[in-house]
Amino acid sequence: MSRLHHENHLVSRIGWLRAAVLGANDGIVSTASLIVGVASASAESSEILVAGVAGMVAGAMSMAAGEYVSVSSQSDTEQADLARERHELATQPEAEREELAQFYVKRGVEIELARRVADQLMQKDALETHARDELGISEVTTARPVVAALTSALTFAVGAAMPLGLVLVAPSHSLVMTVSIASLLFLALLGAVGARAGGANVLKATVRVTFWGAFAMALTAGIGALFGSAG
């Protein structure tokens, strides 16, 4: 007897991977940019540290709130669709069965076989079948607001801690350069790890995240230097 072929699909990682990579990336970019901008204005180390910590806390809370609201909206839409589908299954099951069969026909299944498949699947769990095949809602892709919010907040804080820790150890005269270079290395590593975990192109993801991080830090450094000299 041959063994069943078991596959691990990367789509199951989409929800938490998106929130984790986005949170850590924002944590590094926003905090490093803030530190570089404040340091370029010739601020004291204590002021830079306070600004960095404040940015980390505010950013983590902002990420959590933003993810929660966004994913909650998605969840509300999913629940509304499921409620409507549940009502239609209760009031017009034959029409729903034919509708499901037509989805399979469009995928290349003959009409009679499609109707038999629809019958069997609906006998097992009609709502789950329609949610998956008609609405595209499944256990893997369903919205989880709390998980997304906590993941984003935690990973933002972890990402922010990287450049923030450099403020404590880097010499003040080379703080801007040290934070900038180290943060770009962190971003490159994050981009590579995220791409690897998601099965994407590692080089493309690394270059993309590093470029935008460098752009953000260069912009805030310029603004900090401008206002520092003006003051």
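Predicted model: local features only at pLDDT ≥ 70, side-chain atom pairs only at ≥ 80, totals over all residues.

Residues are numbered from 1 along each chain as its sequence is written, and side-chain values use heavy atoms, leaving out hydrogens and water.

**Helix packing**

Start with H2 (residues 45-91) and H4 (residues 111-133): their axes come within 9 Å and cross at roughly 145 degrees. Helices here are DSSP runs of H or I with at least four residues, numbered from the N terminus. Axes are lines fitted to C-alpha atoms over the stretch in contact, with angles from 0 to 180 degrees between N-to-C directions. The crossing of H2 and H4 is right-handed (the near helix is turned clockwise from the far one by less than a right angle). On the H2 side, Leu-82, Glu-85, Arg-86 and Leu-89 do the touching, and they meet Met-122, Ala-126, Leu-127, His-130 and Ala-131 of H4; contact means heavy atoms within 4.5 Å. By class, that makes six nonpolar, one polar and two charged residues (Ala, Val, Leu, Ile, Met, Phe, Trp, Tyr, Cys and Pro are nonpolar, Asp, Glu, Lys and Arg charged, the others, Gly among them, polar).

H4 also packs against H3 (residues 93-106), at about 110 degrees and with the axes 8 Å apart. That makes H3 and H4 roughly perpendicular, a label for angles of 65 to 115 degrees. Their crossing is right-handed. Among the residues in contact are Pro-93, Leu-100 and Phe-103 of H3 and Ile-111, Val-117 and Met-122 of H4. The H3 and H4 contact has 12 nonpolar, three polar and six charged residues.

**Aromatic rings**

How many aromatic pairs does a search of the whole structure find? Two, and here they are:

| Pair | Centres apart | Angle of planes | Type |
|---|---|---|---|
| Phe-211 and Trp-212 | 5.1 Å | 80 degrees | edge-to-face |
| Trp-212 and Phe-215 | 5.9 Å | 80 degrees | edge-to-face |

Rings of Phe, Tyr and Trp (its six-membered ring) pair if their centres lie within 6.5 Å, and planes over 60 degrees apart are edge-to-face. Phe-211, Trp-212 and Phe-215 form one aromatic cluster. Trp-212 and Phe-215 are three residues apart in helix H7 (residues 202-230), so about one helical turn separates them.

Trp-212 is exposed at 52% relative accessible area, while Phe-211 at 48% and Phe-215 at 46% are partly exposed. Exposed means over 50%, buried under 20% and partly exposed in between, with a 1.4 Å probe and protein chains only.

Key
Helix = DSSP H or I, 4+ residues; strand = E, 2+ residues; numbered from the N terminus. Parallel < 35°, antiparallel > 145°, perpendicular 65-115°, else oblique. Phe/Tyr/Trp six-rings, centres within 6.5 Å; stacked < 30°, edge-to-face > 60°.
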